Amino acid sequence: MKDMASQPVIEAKGLNLVFQTADGPVQALKDVNLTINQGDFVSFIGPSGCGKTTFLRAIAALETPTSGTLRVNGMTPDEARRKRAYGYVFQAAGLYPWRTIAGNIKLPLEIMGFSKAEQDERTERVLELVELKGFGKKFPWQLSGGMQQRASIARALAFDADILLMDEPFGALDEIVRDRLNEETLKLWARTGKTIGFVTHSIPEAVYLSTKIVVMSPRPGRITDVIDSPLPKERPLDIRDSREFIEIAHRVREGLRAGHHED
Amino acid sequence: MTFLVVALVVWLALWALNVWIAGSPLSKARAGKLMVPLIFGVAVLVLWEGLVRGLEVSFVILPPPSAIAAKIGASLPVLWQDAAQTILKGAIPGFLIGCGSAVLVAIAIDRSPFLQRGLLPIGNFVAALPIVGLAPILVMWFGFDWQSKAAVVVAMVFFPMLVNTVAGLQASERMQRDLMATWGASYLQTLVKLRLPAAMPFLFNGLKIASTLALIGAIVAEFFGSPTYGMGFRISTEVGRLGLDMVWAEIAVAALAGSLLYGIVSLIERWVTFWHPSQRH
């Protein structure tokens, strides 16, 4: 029902991931099957412990699955990591305090060996993209939390990976800032055409942003529902009052509740 | 008796002056901030002088500051020769070698759990050796000149520096290391661009502790054999001759040099770790 020409970018088949903890093994992911296509905006939603962050980290090769297959651009996650296939945005901005905002954005570029001129050019461009033009010379601790998070998104965009993985990027911000950043994220997605994986706790955020919503539940972490959003690509903030929006939100909530009942 | 009275009066007057400055707008100005500690220092010296002279304290117990100052003035070449021997040749090379090798070993330890289990306990063991036992042995090994003093300093500063650096290398956040991994950074890139900068506040803690230890080590090591000059040599021989003014002169030089060394390290620290919450103003 969506663009048939789109290529699968991330494919998980029968994925299991077990953490060995002091209290015995914990099944963080159980039999996860999911395909994410080129240009999708996929949200992962669920209560803590449902494995949404673990799944994102597995895609990024920050965790190793215990069994099953996981392909990123047809490669193993670790190969994809080495090929710099994705940019990762964490819940906290994680900017290095000894570097200016521009210096932070240049850091991945330095590591990847971009030329000095290209580093400057790209830094200017992504700063503009996240509306931080003119803040390049500031240090992170001189900016607000929202601005720091935008800078960390700019950093993830700077090297132009096809995939953007965002782990509750706006979770620590207040509602007003969050709304604005959600809007900007959508614009960014429309402009760049990237594939985005987005972990969130918030139902409205998931419904507002995504073309595909993956509902997960805990113990063991698993997918309980995958919803393809019928909402159009253009989404003004007040789309959240539309009937369709409310229906999808309702279905997500039902999915979350169903997952919880099995406890 | 007059000495005592004059000293007390001057002391109280300076005290009152400081109280007045602290309450006046001058206390916010740079001049005021400099004057208050300076006046306090002068007051302590005046009180010391007056008490020692007024109460006729024996010269051997505590010489008056004026006698110490006169001794410093009269023996500048000797004091300089001693300081050059002990500080420039003993303490500073030892400090640099000890701290430098501690950082390198810390990086090796951090890289390999095998070394972590092997080298940290050895470092700990060496640090636990008493300096009065270690110094004579090192003098036997490295000779009477500055080399053995530098060796004692190395042994003293190595462990605090090592422990601080090892802790510092673990100071970067997991998320920041994960970020480096997502960018496909190599071990060396992560070390240079993330972990060493993040370790700097710890490194400077170690350097500050080491800077004071270095001076103590270099002076004490001379008690166990040295050429006929050096601060430790001078102190031990002058004590034997009851030349306490010279001992105090050496102590003054040591205090000055120690503060200077510490100050230089602090200054570099402020420049390098300007980003750390403790340094932001």
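Author: Let us begin with burial. A residue is buried if 20 or more other C-beta atoms lie within 10 Å of its own, exposed if 12 or fewer, and partly exposed in between, with C-beta atoms placed from the backbone. In helix 1 (residues 52-59) of chain A, eight of the eight residues are buried, so this helix is largely enclosed by the rest of the structure. The model is predicted: local features need pLDDT of at least 70, side-chain atom pairs count only at pLDDT 80 or more, and totals for chains, interfaces and linings use all residues. Residues are numbered from 1 along each chain as its sequence is written, while chains are lettered from A and ligands numbered from 1 in the order in which they are written.

Reader: Which residues of helix 1 of chain A are buried, and what follows the helix?

Author: Helices (H or I, at least four residues) and strands (E, at least two) are DSSP runs, numbered from the N terminus. The buried residues here are A:Lys52, A:Thr53, A:Thr54, A:Phe55, A:Leu56, A:Arg57, A:Ala58 and A:Ile59. After helix 1 of chain A comes A:Ala61, with a positive phi near 65°.

Reader: Is B:Lys208 buried or partly exposed, and with which residues is B:Lys208 in contact?

Author: Two residues are in contact if their C-beta atoms, placed from the backbone, lie within 7 Å. B:Lys208 belongs to helix 9 of chain B and has 17 other C-beta atoms within 10 Å, which means that B:Lys208 is partly exposed. Neighbours within four places in sequence aside, B:Lys208 is in contact with B:Tyr262, B:Val265 and B:Ser266.

Reader: How many residues of chain B are in contact with chain A, and which helix of chain B gives the most?

Author: On chain B, 15 residues are in contact with 19 residues of chain A. Helix 8 (174-182) and helix 9 (187-221) of chain B each supply at least two residues of that side, and helix 8 gives the most, with six residues. For classes, Ala, Val, Leu, Ile, Met, Phe, Trp, Tyr, Cys and Pro count as nonpolar, Asp, Glu, Lys and Arg as charged, and the others, Gly among them, as polar. The chain B side has seven nonpolar, four polar and four charged residues.

Reader: Into which domains is chain A divided?

Author: Domain bounds come from an automatic or database domain assignment. Chain A has domain 1 (8-85 + 162-261) and domain 2 (96-160), with nine residues of domain 1 in contact with nine residues of domain 2.
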